[in-house]
Amino acid sequence: KKFKIAVIPGDGIGNEVTAEGVKVLNTYAEIKGNVEFSYEYFPWGCEYYLKTGKMMDDDGLKTLEAFDAILLGAVGDPSVPDHISLHGLLINIRQGFNQSINLRPIKLLQGAPCPLKDKGPQDIDFTVIRENVEGEYAGVGGFRFPGRPEEVALQTSVFSRKNTEKVMDYAFKLARKRKKFNKVTNVTKSNALNYSMVFWDKIFEEIATNYKDIKTETTHVDAVSMYFIQKPEVYDVLVASNLFGDIITDLGAALQGGLGFAASANLNLEKEYPSMFEPVHGSAPDIKGKQLANPIAMIWTAKMLLDFLLEEDDTEMIIDAITAVLQEEKTLTPDLKGKAKTHEVGDAICGKLKEI
Ligand code: NAI
Ligand code: MG
C-alpha cells in the first residue's frame with residue numbers, strides 16, 4: 001500500500017518534532033514491508049505569511065486534496081497575531097476539509113510523570129472527542145463602533161444538527177469500541193449557555209437512544225475540570241464542544257505528563273477529504289530551534305495517522321517503544337528532566353521499534 005502524506009512542519013518546534021514523526025512512519029514502513037509513504041513538504045506558516053501575506057496558498061486546500069493525510073507540526077510565532085496564524089492555516093484546513101472530529105487520547109504511559117501523586121497509568125486512560133469545525137470557533141462575529149465608548153465585540157457560536165449528531169455518534173461508537181466502561185460523558189454548560197448547550201444536550205440524548213448498551217452522563221465543563229484532577233479514573237469517552245474540548249485537553253495533557261505527550265487527529269470521517277494529524281502543543285517559541293522539544297506527542301500523532309490509514313494494523317508497538325524509552329530513563333528531553341535532544345529521542349524510539 002502506498003500513501004501520499006502532505007507535511008506541514010509549520011513554526012517553531014513544529015519543524016523539529018515533525019522530523020521525528022516522519023522518522024517513525026518510515027521505520028514502521030521498513031519493519032512492515034507492505035506499506036510505503038511518500039512525502040511532500042509545504043512551507044506554510046508564519047514565515048510564509050511575513051513573506052507573502054498568506055499563511056497558506058489560496059489554492060492550498062485544492063493542492064492538499066490529492067493527499068491521503070496531512071501531518072502538521074504547529075503554527076504560531078510572536079511576529080504574527082495568533083488569531084491570524086491559527087485561522088489562516090490550522091482552522092482553515094480543519095473547517096475546509098470538514099474534519100468534524102478532533103480525537104484526543106489522554107493516557108498516562110508507564111514512566112511518564114503524572115502531577116497527581118496518588119494516580120497511575122491505570123487511572124488515567126480516556127479519550128476526548130472535540131467538535132472541530134464549528135461551535136465557539138466558527139469564526140462568526142464582528143466589531144461594532146471600534147474605539148468608541150460604545151464599542152462591542154460579538155463572537156457567535158454555531159451548532160448545526162448534522163454536525164453535532166455526527167460528533168455525538170462518533171463518541172458512542174468509540175465507547176463501544178474501547179470496551180472500558182461503555183460510557184460517554186457529555187461535557188456541557190447548558191445551565192449558562194441557554195441556546196447552544198441546551199441544543200447540544202438534546203442531540204446527545206437523541207443519539208444516546210441508538211446506543212442502549214452505552215451508559216451516559218452529563219457534566220458541566222467546570223465540574224469536569226475539577227473531576228479530571230480528583231477522579232480521572234471515572235472517564236472513558238468524553239464529548240465536548242470546540243472551545244471546551246480545547247481547554248480540557250490541555251488539562252488532560254498535564255495529567256499524562258505534559259504537552260510533550262498529547263497527540264491528536266482531525267478526522268474527516270467520510271474520507272471525502274484528507275484528515276490531519278498534529279500534536280496538541282503549539283510552536284513553543286520559548287524553546288524553538290534548540291532540539292529541546294519532546295517529540296513523543298508527534299510520534300504518538302504519527303501512530304494515530306497509521307491507525308486511520310491502516311485500519312487493520314495493530315500499531316501498539318509504537319506506544320510500547322515510547323514506553324520502553326521512558327522506562328529506560330536514558331534518552332529524555334528536558335521537560336522530562338533528561339538531557340537528550342529531540343532527534344535523539346526519535347532515534348531511541350525507532351531503535352526500540354526495530355527490537356519489538
Ligand atoms: P505551546 O504549546 O506552544 O507552549 C506551552 C508551553 O509548553 C511552553 O512552555 C512550551 O515550551 C511547552 N511545550 C509545548 N510543547 C512542548 C514539547 N513538545 N516539548 C517540550 N515542551 C513543550 O503554547 P503557547 O505558548 O500558548 O503558544 C505558542 C504559540 O503556539 C502561539 O503562537 C499559539 O497560538 C500557538 N499554538 C498553536 C497550536 C497549534 O498549532 N495546534 C496549539 C496551541 C498554540
Ligand atoms: Mg489547544
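Q: Which element gives the largest share of the shell around ligand 1?
A: This is a predicted model, in which local features need pLDDT of at least 70, side-chain atom pairs count only at pLDDT 80 or more, and totals for chains, interfaces and linings use all residues. Residues are numbered from 1 along each chain as its sequence is written, and chains are lettered from A and ligands numbered from 1 in the order in which they are written. Helices (H or I, at least four residues) and strands (E, at least two) are DSSP runs numbered from the N terminus. The largest share of the shell, three residues, comes from H4.

Q: How many residues surround ligand 1?
A: A residue is near the ligand if its C-beta atom, placed from the backbone, lies within 6 Å of it. The closest are Gly76, His281, Gly282, Ala284 and Asn294. Helix H1 (13-32) and helix H4 (82-96) are the elements that give two or more residues to this shell. The number of residues surrounding ligand 1 is 22.

Q: What distance separates the centres of domain 1 and domain 2?
A: The bounds, from an automatic or database domain assignment, are 1-105 + 261-356 for domain 1 and 115-255 for domain 2. Taken over C-alpha atoms, the separation of the two centres is 24 Å.

Q: Which element gives the most to the side of domain 1 that touches domain 2?
A: The contact (C-beta atoms, placed from the backbone, within 7 Å) takes 17 residues from domain 1 and 17 residues from domain 2. On the domain 1 side, H4 and strand E4 (101-107) each supply at least two residues. With five residues, the element that gives the most is E4.

Notes. Two residues are in contact if their C-beta atoms, placed from the backbone, lie within 7 Å.
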